[in-house]
Amino acid sequence: MPKTAKVVNRREFLKSSSGVALFIGVSGILPQLISCKDVKAMRNQLKQHQLTAWVHLNEDGEITIYNPAAEMGQGSMTSLPLLFAEEMDADWSKVKVEFSPQVAEIYGGKGWAPDSKLMFTVGSRTTNSYYHTMRKAGAQARYVMLNSAAKHWGVPISELTTKASTVFHKKIKKEIRYGALVPFLVLTEELPDFTFEQLKHPKDFRLVGTDIQRTEIPSKVNGKAQFAIDIRLPDMVYGVLERGKRHGAKPTLLNEAEILAQDGVLKTIPYAYAIGIVANTLEHALAAKSLLKIDWSASDASGFNSQEVYEAYDKIAAQQETGKVVVEKGDIGNAMRKASKTFTSDFKNDYIYHAQLEPLNAVIQVAEDLESAAVWVGSQQGFDTKLGVPDILGISPEKVTVHLHYLGGGFGRRSMNDFVEECAVLAKEMAPRPVKLIWTREDDVTHGAFRPISLQRLNVYLDAKGQLDGFSHMVVGDGGNLVASGVHNDYYAIPNQFAEWRETSHGVRLKHWRSVGHGPNKFAIECMLDEVAMDQGMDPVALRRTLMANSPRALATLEKVVELSDWNGSIAQDRAKGMAFVEHGSLGTGVCEISVDTATGKIKVHHFWIALDAGVIVQPDNVKAQMEGGIIMGMSSVLNERITIKNGEVQQSNFHNYPLLRMEDVPDSIETALITSSEIPEGVGETATPMVAGAIANAFLKLTGKKLRHLPFTPERVLEVLNG
């Protein structure tokens with residue numbers, strides 16, 4: 001292709017194609033237009049270039065922007081396209097959003113490793129990882145519009161401006177809509193490689209930072225939104241699995257003939273840890289499942305009792321040998337030796353379950369020759385964008401098409417592929433009939449993948465001047481980063497810090513749960529600070545002000561929430577306020593106001609206030625909604641939720657014995673203040689949840705003088721502490 005700009009009359013092209021696809025690559029929009037109906041040509045382009053996103057524009061001015069991230073209620077279906085539209089100067093009323101294909105090489109965002117790409121909606125990192133990519137691509141799309149208008153009018157590009165999908169030339173008083181420019185598009189071999197500094201300054205944003213309705217909300221309200229569980233395909237059959245209550249146990253089916261004789265049952269399929277049933281209807285499959293007679297083997301979880309394990313953890317914590325060092329700053333040994341006072345506390349947390357409301361499900365259809373497959377699923381994606389299906393079927397990833405759908409809750413659980421892989425096994429057996437696999441709530445509770453149980457032992461050392469000089473944090477539990485993340489105190493000026501992880505294992509399935517280790521660990525850290533403050537006769541705010549002296553952004557959240565909550569104002573005698581600071585991408589300080597029914601042990605949270613610095617706020621109203629949802633989920637886990645295991649078997653089975661927060665227990669108000677910033681956006685989905693435990697426990701300490709140190713704070717445990 002020549003290096004000079006090439007003008008192509010495309011009116012006939014557009015009549016047959018209904019628009020053009022502008023391919024957004026690592027260097028911007030590729031210098032060619034591809035008919036949206038020419039699927040073969042599109043696929044060839046995708047194979048030849050390292051693309052990250054693309055956008056479709058038609059003569060009517062409609063712009064379709066492709067979203068590469070999962071949408072589970074957190075708003076990525078709006079925030080990422082909004083960043084693109086901002087730099088393109090697109091008319092948002094003309095924008096449509098669709099899921100992109102699940103191909104990381106093309107649509108992946110910034111991965112954890114250098115130069116890597118991921119399609120992984122976890123860790124509240126989506127907006128951050130795509131921030132530059134989407135903005136740069138939008139800026140290059142705008143350049144194509146400007147350059148094309150300049151050539152069409154015969155004027156310098158420097159004299160043109162854009163706004164709301166329109167190019168303007170003030171001197172000759174002309175304007176043209178983007179859609180009208182399509183037949184005159186001029187594409188060059190090379191496009192400006194916009195640096196971050198050349199993109200819009202946040203003060204010039206027109207869309208970003210305003211309250212814009214989320215793109216998927218209308219369809220969710222009117223019922224048109226498609227979740228994977230809504231998929232119905234011709235000749236589809238249904239699959240269910242019995243996985244037992246003891247993780248890792250192997251099944252032996254004792255009544256296969258009886259099961260196969262049941263109405264509608266088509267096949268039984270054994271797994272290493274389960275027995276699968278395929279039937280013509282879900283009702284038939286579940287009826288047959290209830291009749292299964294299975295002999296379960298012992299497993300690594302056999303004999304394990306979760307509520308008795310803390311004694312063993314205490315012995316591990318008392319050992320002299322150090323575990324895996326996670327944080328080492330300064331000289332904690334010296335801080336310990338010269339300490340004028342030492343504080344020691346243990347903190348515990350039980351297993352908790354994700355409790356996503358849409359049951360896990362997937363639909364897979366394998367071709368009759370077993371050489372290709374299609375998947376319909378709500379997934380948080382992963383390192384493998386084809387979700388393990390190619391390995392199950394023994395085919396190349398290119399032969400698997402994943403149709404991503406909305407998720408009815410994820411919280412980390414849907415970043416696992418187990419339910420998709422299970423469905424692939426069934427679909428392979430039933431090819432070419434499509435199979436829908438559905439987990440029941442009982443399946444998901446008993447065979448869940450939980451946030452780990454842990455014991456934390458914290459030691460805090462004051463120097464001769466009464467200053468906080470050393471902070472030692474030991475975590476005992478299974479799961480590595482699942483229990484050890486969040487032990488860093490980067491925003492607190494503590495000279496000597498040490499944190500370690502001491503490993504245990506019980507054969508229980510574990511997984512990232514919203515905010516991962518930050519929930520238990522920030523709970524412990526923030527409680528220790530209030531314990532020190534109370535002992536020293538200090539206001540917890542004053543102590544944190546001192547510690548945050550070198551962290552102005554963190555300090556700003558503290559000062560703002562003090563103002564927002566009227567921290568020093570009068571309060572009812574039977575109530576108290578507590579606070580906690582959390583960094584999880586964004587920075588936030590929260591304050592709650594509680595009361596305690598001393599007869600029943602029930603804690604009531606009346607109000608919650610949050611001050612948040614998340615960098616550039618793409619969707620303010622959505623960020624506030626994230627804070628509210630995070631607080632409510634945090635309260636549910638802190639006050640109610642726990643999984644207990646006896647003799648290796650999960651004791652809970654559904655919401656009757658795994659209670660979630662009820663409407664009557666939601667705070668009277670949750671108020672969020674967003675701090676203005678021009679920094680790169682940080683995640684907001686996992687900042688509020690882990691601040692809840694510390695804030696409630698610190699309010700309880702202030703109100704009663706008693707310490708809550710074991711999550712969850714059930715009424716029974718609260719009464720035990722009050723009467724202890």
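**Figure 1. Strand β29 in the predicted model.** Strand β28 (residues 575-584) runs antiparallel to β29 and is joined to it by 10 bridges. Strand β30 (residues 602-613) is also antiparallel to β29, with 11 bridges between the two.

**Figure 2. The sheet that contains β29.** The sheet is open and has 4 strands, in the order β28-β29-β30-β33, with mixed pairing. The edges are formed by β28 and β33 (669-674); each has a single partner strand, so one side of each is left without a neighbour in the sheet. On average, neighbouring strands of this sheet are turned by 20° against each other, direction ignored.

**Figure 3. Pairing and hairpin between β28 and β29.** Two residue pairs can be located in this view. Arg575 has Ser595 of β29 as its bridge partner, and Gly578 stands opposite Cys592, likewise in β29. The hairpin of β28 and β29 has 1 residue between the strands, and Gly585 takes a positive phi near 80° in this hairpin.

**Figure 4. Pairing and hairpin between β29 and β30.** Gly590 has its bridge partner in β30, namely Ile610. The hairpin of β29 and β30 has 4 residues between the strands. In this hairpin, Gly601 takes a positive phi near 85°.

**Figure 5. Packing of helices α19 and α20.** Helix α19 covers residues 620-639 and helix α20 covers residues 691-704. The two helices pack at an angle of about 60°, and their axes are 8 Å apart. The crossing of α19 past α20 is right-handed. From α19, the contact is made by Ile631, Gly634, Met635, Val638 and Leu639; from α20, by Met691, Val692, Ala693 and Ile696. Of the residues in this contact, 8 are nonpolar and 1 is polar, with no charged residue.

**Figure 6. Surroundings of Ser345.** Ser345 lies in strand β19, which runs over residues 341-349. With a relative accessible area of 7%, Ser345 falls under the 20% cut-off and is therefore buried. The side chains of Ser345 and Glu531 are joined by a polar contact of 2.9 Å. When neighbours within four places in sequence are left aside, Ser345 is in contact with Gln456, Arg457, Leu458, Met528, Glu531 and Arg709.

**Figure 7. Surroundings of Ile277.** Ile277 belongs to strand β16 (residues 275-279). The relative accessible area of Ile277 is 0%, and the residue is buried. Not counting residues up to four places away in sequence, Ile277 touches Tyr238, Gly239, Val240, Ile259, Val265, Lys267, Ala285, Ala288, Lys289 and Leu292.

How values were computed. Residues are numbered from 1 along each chain as its sequence is written. This is a predicted model: local features need pLDDT of at least 70, side-chain atom pairs count only at pLDDT 80 or more; totals for chains, interfaces and linings use all residues. Side-chain values use heavy atoms; hydrogens and water are left out. Axes are lines fitted to C-alpha atoms, for helices over the stretch in contact, and angles run from 0 to 180 degrees between N-to-C directions. A crossing is left-handed if the near helix is turned anticlockwise from the far one by less than a right angle, and right-handed if clockwise. Contact means heavy atoms within 4.5 Å. Ala, Val, Leu, Ile, Met, Phe, Trp, Tyr, Cys and Pro count as nonpolar, Asp, Glu, Lys and Arg as charged, and the others, Gly among them, as polar. Buried means under 20% relative accessible area, exposed over 50%, partly exposed in between (1.4 Å probe, protein chains only). A polar contact is a pair of N or O atoms within 3.5 Å; within protein, one must be able to donate a hydrogen and the other to accept it, and residues adjacent in sequence count only if both atoms are side-chain atoms. Two strands pair if DSSP finds at least two bridges between them.
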